Amino acid sequence: TKCESGCICADGLYENLDGRCVPADDCPCEYGGLAYGKGEQIQTECEICTCTKGKWKCAQKSKCSSTCNLYGEGHITTFDGQRFVFDGNCEYILAMDGCSVNRPVSSFKIVTENVICGKTGVTCSRSISIYLGNMTLILRDETFTISGENPRVQYNVKKNALHLMFDIIIPGKYNMTLIWNKHMNFFIKISRETQETICGLCGNYNGNMKDDFETRSKYVASNELEFVNSWKENPLCGDVYFVVDPCSKNPYRKAWAEKTCSIINSQVFSACHNKVNRMPYYEACVRDSCGCDIGGDCECMCDAIAVYAMACLDKGICIDWRTPEFCPVYCEYYN
């Protein structure tokens, strides 16, 4: 409506994020508050996106994978990204196939045994059982055992100071990577070559988080507790009726929990803040730190922070957050 003095780019040039005028071919793309130059790529689990003339052009990967997380005191993120928390003292099916009424044959089943791990009644995973036909893997007490065999399944076990990792291939059906931190955190990463349906606490893996609370009876539960109770492996276990708030029961621990978990909101993780929403991880860390009151206090807190660090790593951001004073990882003896 009126003229204003100042600088503009000449015809055919465009201002980039640095304030310079560049041709359209050199325009940067923005993602998560960061600028990416022409030809630079970002990757998600299902897509590779390339910066072209200021816009992202995305191509679907030939194999798309998704991850379900079980961590800390009953926190779950499903394959489709739905989050919830529960305090169940029982064995629960995390994920299995063969869920459709037409084809009820299962080639794998992953079960978590959750036990009470705090005076307030919070629960956490004590062991994980992986059933692959006639072969069973049990993860417990910082180690694993394998019994039986299944010639149709290929598997490989890798170890490092923090994790046990299992690469499992069920030919023509699934490529799975299972990562266990030898304590409470367990990650299931699945790439599938079949349209077989998946079910359990990790959801139905159909790309829609709104119907993730599908019960064993094939209807979508009205709340997460109804959903959780339907996936009990042992029907004799009691149902879960409420979710504990350990910080209100342990108010004297709340200040310590908020102070130590604040590293997630600090400059240490600043490079990741625009890539992964930190608030659910911070809230989970505070809850777990309040609830872990019968030993292993710092372990619970460190495990919760490590889950956020791992989510950052999945987005290509590696955070060096551990120190000799804060959640150290000790070298092997005399190494």
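**Exercises on strand pairing**

**Exercise 1.** Determine which strand pairs with β6 (residues 47-52), and over how many bridges.

*Solution.* Strand β6 pairs with β7 in the antiparallel sense, over six bridges. Here two strands pair if DSSP finds at least two bridges between them, and strands are DSSP runs of E, at least two residues long, numbered from the N terminus. Within this pairing, T50 has K57 in β7 as its bridge partner.

The model is predicted: local features need pLDDT of at least 70, side-chain atom pairs count only at pLDDT 80 or more, and totals for chains, interfaces and linings use all residues. Residues are numbered from 1 along each chain as its sequence is written, and side-chain values use heavy atoms, with hydrogens and water left out.

**Exercise 2.** Describe the pairing and burial of β17 (residues 164-170).

*Solution.* First, consider β16 (residues 154-159): this strand pairs with β17 in the antiparallel sense over six bridges. K159 stands opposite L164 in β17, and a hairpin of four residues joins β16 to β17.

Next, β17 pairs with β18 (residues 174-180), again antiparallel, over seven bridges. I169 has N175 in β18 as its bridge partner. Three residues separate β17 and β18 in their hairpin, where G172 in the turn has a positive phi of about 80 degrees.

Finally, five of the seven residues of β17 are buried (under 20% relative accessible area, 1.4 Å probe, protein chains only).

Technical notes
Buried < 20%, exposed > 50% of the residue type's maximum accessible area, 1.4 Å probe, protein only.
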